[in-house]
Amino acid sequence: MRNKTVILTVGLPRAGKTSWANMQRFAVISVEAAKIVVAGPGRLSAEAANRVHFFMMKMLRVLLLAQDTVVVDWTFHTAESRARWRSKHWQTYYKVFEASLEQCLERSVVAEGLDIAEVIRDFHDEFEPLSK
């Protein structure tokens with residue numbers, strides 16, 4: 001797989017990552033869709049999260065056989081989560097969404113009546129800048 005590009009979205013839930021990803025002309029791997037297929041809706045256990053990651057990595061490899069660029073739509077809020085997606089087989093780039101905690105919390109109330117405030121706060125507390 002030469003000259004392949006993977007773009008990881010980085011930002012809190014409700015920061016605009018999925019909206020941006022869906023406007024691109026690239027294939028998109030959505031963690032939310034993968035979660036539903038692999039483990040069902042809701043928060044994941046560590047074991048389920050590993051199964052979702054495995055599934056998404058397989059999806060990425062398949063898509064990169066047919067496409068030059070793939071967007072992976074997730075928070076990638078920790079250095080470890082980003083490191084798991086780097087490979088010698090492709091170049092990894094980051095699209096960072098810098099919406100504030102307050103903006104994301106506000107959007108979570110408005111968006112489809114979903115209350116994901118706890119998840120947003122947890123990810124905000126765990127966030128590690130790209131320099132790590």
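**Notebook: pocket, helix H6, strand S2**

I looked up what supplies the lining of the largest pocket: helix H1 (17-23), strand S2 (27-30), helix H2 (31-38), helix H3 (46-66), strand S3 (69-73), helix H4 (79-83) and H6 each give at least two residues. Helices (H or I, at least four residues) and strands (E, at least two) are DSSP runs, numbered from the N terminus. This is a predicted model, where local features need pLDDT of at least 70, side-chain atom pairs count only at pLDDT 80 or more, and totals for chains, interfaces and linings use all residues. Residues are numbered from 1 along each chain as its sequence is written, and side-chain values use heavy atoms, with hydrogens and water left out.

Back to the pocket (on a 1 Å grid over the protein atoms alone, an open set of points where a 1.4 Å probe fits, with protein on both sides within 12 Å along at least five of seven lines; lining residues have an atom within 4 Å of a point). I noted 46 lining residues, with Val 31, Glu 32, Lys 35, Trp 74 and Phe 123 nearest the centre. H3 gives the largest share, six residues.

Next I checked H6 (residues 117-126): Ala 117, Val 119, Ile 120 and Phe 123 are its buried residues. They sit on the same side of H6 because they cover an arc of only 160 degrees around the axis, taken from the directions from the helix axis to the C-beta atoms. Buried means under 20% relative accessible area, exposed over 50%, partly exposed in between (1.4 Å probe, protein chains only). On the face turned away I found Glu 118 and Asp 125, both exposed.
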